[in-house]
Number of protein chains: 2
Amino acid sequence: MATRRASQLITSLSSPSRFPIGRCLSAFSSPDLPREFTPKSWQSNPQCKCSINKAFSFQRHSFSSKIERNPSYSLLNSDDISYFKSVLEEKCVVQDEERLSVANTDWLRKYIGSSQLLLLPKNTDEVSKILSYCNSRLLAVVPQGGNTGLVGGSVPVYDEVVISLANMDKIISLDKVNGILTCEAGCVLENLNSFLENEGFIMPLDLGAKGSCQIGGNVSTNAGGLRFVRYGSLHGNVLGLEVVLANGTVLDMLGTLRKDNTGYDLKHLFIGSEGSLGIVTKVSILTPAKLPSVNVALLACGDYLSCQKLLVAAKRGLGEILSAFEFMDSHAINLALTHLEGVTNPLPQSESKFYVLIETTGSHEANDKAKLEAFLLHTLEEGVVLDGAIAQDISQASTFWRIREGISEASVKEGACYKYDLSLPVEKLYGIVEEMRLRLDGTAKVIGYGHLGDGNLHLNIMTPEYTDNILTKIEPFIYEWTSAQRGSISAEHGLGFMKADKIHYSKSAEAVKLMGSFKKMLDPKLILNPYKELAAPFFTDIIHALNISLHLLFIPYPAMPNIFS
Amino acid sequence: MATRRASQLITSLSSPSRFPIGRCLSAFSSPDLPREFTPKSWQSNPQCKCSINKAFSFQRHSFSSKIERNPSYSLLNSDDISYFKSVLEEKCVVQDEERLSVANTDWLRKYIGSSQLLLLPKNTDEVSKILSYCNSRLLAVVPQGGNTGLVGGSVPVYDEVVISLANMDKIISLDKVNGILTCEAGCVLENLNSFLENEGFIMPLDLGAKGSCQIGGNVSTNAGGLRFVRYGSLHGNVLGLEVVLANGTVLDMLGTLRKDNTGYDLKHLFIGSEGSLGIVTKVSILTPAKLPSVNVALLACGDYLSCQKLLVAAKRGLGEILSAFEFMDSHAINLALTHLEGVTNPLPQSESKFYVLIETTGSHEANDKAKLEAFLLHTLEEGVVLDGAIAQDISQASTFWRIREGISEASVKEGACYKYDLSLPVEKLYGIVEEMRLRLDGTAKVIGYGHLGDGNLHLNIMTPEYTDNILTKIEPFIYEWTSAQRGSISAEHGLGFMKADKIHYSKSAEAVKLMGSFKKMLDPKLILNPYKELAAPFFTDIIHALNISLHLLFIPYPAMPNIFS
C-alpha cells in the first residue's frame, strides 16, 4: 500500500517546479482569522462583516457582569487639552468624533471605548511629556499601535487617553552586515518587511495583520505568527528597546548587539506586557537573510501519532529548511472544502483523518526541492504519510495555503462558533479535541487545527446557535484541562481585557503576584492600559491608596466584565 | 588572479569528504580560553598552570583598592550548622577544608573566597529551606554551578555560604516530538548533550567548559558559546525556569511551551542575572534536531571590509546551514602558528591580513557540501576571498579549529597579556583594534579575533611585562570607545565581581537604576551573591537600613577591589 502511494507521489514529482517567495505563500496564523479579515479589507467585505457580527454576538452572550470606571482617574478638562497642544502639533491632538470612533473601536468591533482624546506624538520626547503629565494628573492612557489585537488590549475601556504611535514610523538604521534593523515603534510590519526585502533581509515575524500592525505593538504583545517555527519568538529576535515609563522616564535599552551580558536584560519585561509597564518607542531587531527557494506540500496522515512522527522526521530530515508545519483534522479540512469557493482537495483519493501542510524555505532551489522530495518519499515508504502532493507552482501553493487559512473563515459560516487558541505539549495537543467531542456527545461540531510545529492548537466548536448549555459544557473545562497539561490559555493573542481574569489558569500564584509587584513598581498610579493584562485584585493596596470604592471596581472570578450595556 | 586561486580551490575540492559531527569540530569560544583550560584538565597541565599564573599576576597588578566584608551579614555559628544538618543529609553539609578550598577558588584561581560552609541540596525544597533560613539570619550566600565563570561570579568574596547545585542533576523529561528538555539545574552541559544526541537532538549551546559547567549556571550567566550564531541566545531557547527567591519562595515558571502569552515573561529576568535575583533550580529548554553533515573551511581575505562582505554573502548563500563564522587577523593567526606545536597554515601561499573560519551544519551531506563549494568558488571569483581550503576529513577540520582555538593559549606565551571581550556592531568591530595599535604606537602587540557572526571581538594586547603605563593607555579608553559605539564591555562573560563597577559603560543610568530596583524588590536583604553584578552604591538605602559602615563598604569609581592582600 505504501509503495503504491509512494509511486503515485513520484509521478506527481516528475515535473518539479520552483516558485519565488511571495506573499500568497504565507499562511494567516495570528490572529486566527482568514487573511481577508485585515483592518483595511474587512470594512469593504460584507461576508466578513457578517462573520464578525456573529462572533461579536457570541461575546456579548458570554459577558454577564460589569466593570465600572475606576473613579480615581481624573476626567479630561480644557487645561489638559491646552497642555497637550502646547507639547504636540495641534493636528496631533485629535478630538474629531469620527477619528475618535476608529481609535475607540477594536478590530473585531467587540470592544468599544469612549475616549475623548487621541494623541499622536512624533517622537520619544513628546511621548515622555504626555506620560509625565498624565501620570501627575492621574489621567489613564491606552497605547495604540495598529489596533489589530483580538483581546481588547489596544482600545480604551472607558475614557482613557489614546496615545497612537502611528506618527513615529521612521526607519533609523539597518546594519547590512548583521541584518540588524532599528526603527521607531509605529513602523507598519509590512512596510518594514518591504524595506528589508530590497536589502536582502526579511522581518523574523509575519502576521496576517501585517498591513496594519506596528512593530511596537508586535513587541508589546509578543506577536507569534507564521515564521515562529523557523525564527522563534521576539524574545530571541528583539535586540533592543526604547521604552517610556509611566512617569515619563525614557528607558534606553536600544542596544543593537547580539551579545551583551552586562546586567539584567530588562527589555524582556516589556516584550509581551501589552503596554501595561511602559510604551515602546523604538525597536532594534535581528532580521534573517531573505532566501530564494520556497516549496509547499500537503500530506495525509492516518492518525495523530503519525502527525507527531512526521513532525519529528521533518525536523531531522528537512532540518534547517523547514519553515512551516501546520496540521488540520479531517473535520477542519472538510469544513474548508464545503464553505470556501473554488477550493478543491489536492488529495481527492485520500480520506485520511489528518492533513499536514509543510513549507520549506532555503537558499538553494534544486537542493531544497530534492531534499523535500526525498523526505516525502521516505515518509510514504515508512507509512507515516498515506498520501501527499508537492505544489508545482505558485498557484498550487496558494491553493494549499488557502485550505489551511480558510478554516477559520469557514468555521463561522455554520452558525455559532466558540473559538479557543491554546498552547499545549504536542503529544497532548489533540487530546482536548477528542475530549471535547466526547463531552459534547454529538451536539456540536468540533474541529482541531493549527501550528503543530509550535504546539499551538486552534480549537473551534460549532453549533447552530449560542446557548448557555453548550458554553457551560466548554468552560471552564477547557481552561482547566489546558491548565492540567501545563498549557497556555493564550498561545499568541495575549490577555488584554478579554482574559485578564483568567491568568491563573496558565501562571502560578507566585508568578502572578510577582507580576503585580512589577506593575506596581513601574506604574504605581496604574495609568498605563488599565483594566487589562492583570486583573484589579492584584492592586488593592494601590487602589485603596487612590481612594477608590472597591465594590465598584472589583468583580469576583470567574465572572466576565461587560462594557457594552 | 582570482581565477587562478579559484582553480586552486577547485583542485582542493576534487576529492570532497564527509565527516560526522564530533567534539573536535567544536571551537572553544566561551570562556575565551583554549579547550585544554577546563577545570578537569588544567590542574594536570603545567603549561596551562603557568599561563593561568601569568594572567593572575596581571590581575593582581591591576587591583589596587580594597572592598571590605559587609558587616551587616551574620557570622556562621554552630546553630546554623545544626539547622542545615536538620534540613540536608549530613554529607551534604560540607565543612571539610579541602572541599571548601575547591569551592572557594574560581577556575582561573583569580578569586579566592573564605567560605566555611558548602551546602549541597538535593531538591528544590531543600534550596528553599536554605534560602529562607539564610534570609532570616542575614547569612549571605553564593550559588555555584560548575564554577567555570571568568569574572568571579561563582565563588565567595568573603565567608558567604556556598550553595552548590551539583546534587540536582536529574533529567526530568524530554518531549521527543518538539525536542523540549526539562531537567534540574545541576545537570552538566556535556551530559545533557550526550543524553540528547542519543535521542536525536543537541543542546542549543556548546561551550569549552561543557564538561564541567551546569545548565543552571549557563542560564544564570546567559552563556553564549559556539552555537550562538546558529541557534541564538538562551532568551530564545529557554522555555521555562523554576527559581527559588531570596526569601525561599519557589517561583514556578517551568513552562514547556513554545508559545505562552499570558502575562509578563518573568523568566527572562533570571537569565543572565548571575544568581543575584534567585537560584535557578530547574530548566526547560528547546533542543534542536541533531544534523548529520558538518563541513569546515578556512578562507583568507585581503581586508576587514571583505570579511564583512563574506559574512553577508555567507548568510545569504549558505543561509540556513551556516553554523560558525569566526575571524582572526594575521597577527592572531601568526601567533598561533608560532606558539602551537604541530600546527601549520593550511593556506601557506597566503599572506593575507584576515582569515575566516566557516562551519556549516545541515541535514544532507551531498547538498551541503556542494552548497559550500559553490559558495566558496563564487566568493573567490568575486574577489571577496583571496584563497581558501575546505577540510577534507575530520583531522583537517580539527586543525582548522585548532588554529582558531589556540590563539588565546598562544597569546599568554609572549609575556603579559591584557585581554578584552567586547561586543560591537560588526562594521565598527575592528576599529578598536586599529585604534589601539595607533595608540600603543608599537610598544605592544595587538591582535583581534572572535565570533564575527555574533559581533563578538576578542582583543588581546601583549607586552613583555605588565606596567601601569601600558594599562593607563588601554583603560578606560577601551571601555569609553566601546561605550561610544554602543557596544558591550562584556559580550558573553557577565559582570560578576570583576566588572560590577563598570556596568555604566554599557547600560544607561536609568536602566541601571531600574536593575537596582529589581534587586531590592527580589532580594531586599541583599543576601544573594553579594559584591557582584551591580555595585554597592545602588543599594545605599538598604545598606543604611542594615546599619552598615559605608566608609568600609564603598570604593569610588574607577578603582578596582582587591581581595588578595
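# Reading helices, sheets and copies

User: Which strands does helix H14 of chain B lie across?

Analyst: Helix H14 (residues 365–382) of chain B lies across strand S11 (293–301), strand S13 (354–362) and S14 of chain B, and it runs at about 10° to S11(B). This is a predicted model, in which local features need pLDDT of at least 70 and side-chain atom pairs count only at pLDDT 80 or more, while totals for chains, interfaces and linings use all residues. Residues are numbered from 1 along each chain as its sequence is written, chains are lettered from A and ligands numbered from 1 in the order in which they are written, and side-chain values use heavy atoms, leaving out hydrogens and water. Helices (H or I, at least four residues) and strands (E, at least two) are DSSP runs numbered from the N terminus. Axes are lines fitted to C-alpha atoms, for helices over the stretch in contact (heavy atoms within 4.5 Å), and angles run from 0 to 180 degrees between N-to-C directions.

User: How do I read a sheet, and in what order do the 7 strands of the open sheet in chain B come?

Analyst: Strands of a sheet pair through backbone hydrogen bonds, either parallel or antiparallel. Here two strands count as paired if DSSP finds at least two bridges between them. In chain B, the 7 strands of this open sheet follow the order S14-S11-S13-S12-S16-S17-S15, with antiparallel pairing. At its edges stand strand S14 (387–390) and strand S15 (416–423) of chain B, each pairing on one side only. From one strand to the next, the twist averages 15°.

User: How many bridges join S15(B) to strand S17 of chain B?

Analyst: There are 8 bridges between S15(B) and S17 (residues 456–463) of chain B, and the two strands run antiparallel.

User: What about strand S16 of chain B: how many of its 7 residues are buried?

Analyst: Buried means under 20% relative accessible area, exposed over 50%, and partly exposed in between (1.4 Å probe, protein chains only). For strand S16 (residues 445–451) of chain B, 6 of the 7 residues are buried, so the strand is largely enclosed by the rest of the structure. S16(B) is joined to S17(B) by 7 bridges, antiparallel; one pair is B:Ile447 with B:Asn460. Strand S12 (residues 322–329) of chain B is also antiparallel to S16(B), joined by 2 bridges, and B:Met328 has B:Tyr449 as its bridge partner. The hairpin of S16(B) and S17(B) has 4 residues between the strands, and there B:Gly455 takes a positive phi near 70°.

User: Turning to chain A, how many helices and strands are there?

Analyst: Chain A has 22 helices and 18 strands, and 65% of its 565 residues count as buried. One open sheet of 4 strands runs S2-S3-S5-S4 (chain A), with mixed pairing. Strand S2 (93–94) and strand S4 (141–144) of chain A are at the edges with a single partner strand each, so one side of each has no neighbour in the sheet. S2(A) and strand S3 (residues 118–119) of chain A run antiparallel, joined by 2 bridges; A:Val93 pairs with A:Leu119.

User: Is A:Leu192 buried or exposed?

Analyst: A:Leu192 counts as buried, at 1% relative accessibility. This residue lies in helix H7 (residues 189–199) of chain A. Not counting residues up to four places away in sequence, A:Leu192 touches A:Ile171, A:Leu181, A:Cys183, A:Cys187, A:Met203 and A:Ile215.

User: How many disulfides are there over all chains?

Analyst: A disulfide is a covalent bond between the sulfur atoms of two cysteines. The rule here asks for two cysteine sulfur atoms within 2.5 Å, and the count over all chains is 0. The sulfur of A:Cys301 has its closest cysteine sulfur in A:Cys307, but at 4.2 Å this is too far for a bond. A:Cys301 is also buried, at 0% relative accessibility.
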